[in-house]
Amino acid sequence: MNKKTLTASFPAVLLVAHGHAHAANLIDDCTSLVNSQQYAKAEAVGRLAVQRTGAFEAFMCLGKAQHNQGKTKDALQNFLAADKIGREDWQIATAANWLGNAYSALGDNDKALEHHNRDLAIVRRQGDQAREATALNNVALIYDNKGDLDTALRYYEESLRIRPNEEGKSTVLNNIALLLNKKGNKTLAISRLEEAVALDRRLGNHHSLGQTLKNIGGLRRQAGDFEGAATNLTEGLTYLRQVGDKAWEASGLDEWARLKEAQGELSEARMVWSKAASLYRSIGNTNDANSSEARSQFLASAKGCEEFRKDKPAQALSIAGATLKKSPNDAEAWLCLGKIHHNEKKYAEAAKAFEQAIRLSPNKAVKADALDWAGWAYRYSEDTANAKRSSLQAATLAREVGAATNEASSLENLIIYERDDTQGNKQKMSEYCMALDVIPQEVSLYGWTWQSCGQLSVGSKDWPTAVRHYKKAVKTYAANKEPFDEGTARIKLGEYQVYKASYDQARANTLQGLKMLGEQQPPLAPEKLAAWKRYANTILGDISGLESKPEEAKANYRIALDAARVENSADEISYLTKKLAELETQTSASAAAAPGTASPVTKQ
């Protein structure tokens, strides 16, 4: 909702010299057009008056015409020009009043207060009670903006008390209403706005009436009176368009969009926010234009709910609930509702919402997304049969429509089931892994999924596939900043690269993995680190042996043996002791014969 300023008028000035007769008519015409709320026409005439006279009144009239159309920055320049040439008290007070209003509209409360206090001091000295009441309202508005509500209320009430007539009273009532709303008294706030509306109707002040109707519509929306809000906003926007106040019209459109959002009419809300953004931009209000565009874009993303789901679940839940109240067959709203429940770990409720989306959506991509999420919701609900059913259907449908993320996520769920089940079907798991492997675009998965697929290939001694899957595991762990898992996966990758005779890559990955584990924070327990050190150095010893570098191999095996002793593993100590003895025998024999070719010796 918007607070309203009050404005001061200046005395009519008659220019009687022959050469200025037409100029005087221009100023009079501009003033008449402003008073009749024909602001666009007043601006055109005001420009001519400024060009031909350069008079205080010309600058002021042009500034008022622009200010009332929301062209605040342009208006400010004309008010400053008027302030510079004004000499009499009434001129200084009038310019100060409008400068305060302009700075307030631009959000510069300190400068606004400075100019409104200048105005207040002059009109008090002159004993002009009507203008003093106007100045008091405007000073109150600045304290209101600053958050000093008690001080603001005192100024507002004094403005009402001393006002000698009804002119401007509706503006003060409007501002008191918005302050009361801030204090939490919405009922009394609406009552004050109703008083203001009645007064504006009686006075025939359509500009003020449009502004007040817009504000009362906003409060009624907040109170859940959507029908009353729609009635007020429709009438208010009609008046605001008639007088050409684009700033308040844009604000009214923003309020209308919020009403449509609350009613679940999200497509309409999105369209209206887009219109508000265009109108704000046309008057140079970039901040509000960007805000309205952002709201429109939020609703465009899965009809608003999805955009807020992770960071603003309450707002997302509100959007989904409002949508389903209005459109109970909206599949995307059911889908987003399910995701909200899933994030809150309400898996049974999530599954029900996903099933509604699956049933209602004619869109295969939406259906695939819902099936994918349903599979995980059923998993966490320990409903294995429905989890597998949903994930299998999701993978098939997602592949058909090219939804790579959903296909990969569903396959991952199926892989985990087969991996963790002691009676799991390894053939099916292999098929899921291969399907995952051929998805044409990169997708986000758990590193353990790729590692599980890699281990399955190790079991069948399919080294190229094992290496490919472990490379993907390493990349995933690195992207997710999981140094321990990346380090261990690199060491295993190094081992499997040995079987592909990729010795340089095997050595590099093994050393890098060992280094990462040594730098782990908090440090690994000595026995755990020793186990990986023994494993890695055994691999490095094997690589050196295969490269016919027996001394390097022995050095690596000795490090591995020392680590096995820290680990206190009798089996590994025995294995490595024998390994070193065999290598010593081989090197002794090689001294009396031509060097032979080493064989892979890695323990599996």
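The expected span of a helix is 1.5 Å times one less than its number of residues, and helices are DSSP runs of H or I with at least four residues, numbered from the N terminus, while strands are E runs of at least two. This is a predicted model in which local features need pLDDT of at least 70 and side-chain atom pairs count only at pLDDT 80 or more, whereas totals for chains, interfaces and linings use all residues. Residues are numbered from 1 along each chain as its sequence is written, and side-chain values use heavy atoms, with hydrogens and water left out.

**View 1. Helix α2 and the glycine that follows.** Let us start with helix α2, which covers residues 39–53. At 1.5 Å a residue, its 15 residues should span 21 Å, and the end C-alpha atoms are 20 Å apart, which agrees. Which residues of α2 are buried? They are Y39, A42, E43, V45, G46, A49 and V50, where buried means under 20% relative accessible area, exposed means over 50%, and partly exposed lies in between (1.4 Å probe, protein chains only). After α2 comes G54, with a positive phi near 60°.

**View 2. The disulfide between C30 and C61.** A search of the whole structure finds 2 disulfides, a disulfide being a pair of cysteine sulfur atoms within 2.5 Å. One of them joins C30 to C61, with an S to S distance of 2.0 Å. The pair links distant parts of the chain, 31 residues apart: C30 sits in helix α1 (residues 21–35) and C61 in helix α3 (residues 56–67). The torsion about their S-S bond is about -105°, so this disulfide is left-handed. Are these cysteines buried or exposed? C30 is buried, at 1% relative accessible area, and C61 is buried too, at 2%.

**View 3. The disulfide between C433 and C453.** Here the sulfur atoms of C433 and C453 lie 2.0 Å apart and form a disulfide. This pair also links distant parts of the chain, with C433 in helix α23 (residues 426–437) and C453 in helix α24 (residues 447–459), 20 residues apart. With a torsion of about -85° about the S-S bond of C433 and C453, the disulfide is left-handed. Both cysteines, C433 and C453, are buried.

View 4. Together with Y380 and Y446, W448 makes a nonpolar surface patch of about 360 Å². Patches are made of residues with over 30% relative accessible area and no salt bridge, joining like charges within 9 Å and nonpolar side chains (Val, Leu, Ile, Met, Phe, Trp, Tyr) within 5 Å; a salt bridge is a side-chain nitrogen of Lys or Arg within 4 Å of a carboxyl oxygen of Asp or Glu. W448 itself is partly exposed, at 45% relative accessible area.

**View 5. L580 and its contacts.** L580 lies in helix α30 (residues 570–591) and is buried, at 11% relative accessible area. Which residues touch it, leaving aside neighbours within four places in sequence? L580 is in contact (heavy atoms within 4.5 Å) with K554, Y557, R558 and L561. The C-alpha atoms of L580 and N556, 24 residues apart along the chain, are separated by 9.9 Å.

**View 6. The chain as a whole.** Of its 604 residues, 52% are buried. The accessible surface comes to about 27,900 Å², with 50% belonging to carbon and sulfur atoms; areas come from the Shrake-Rupley method with a 1.4 Å probe, and for residues only the protein chains shown count as cover.
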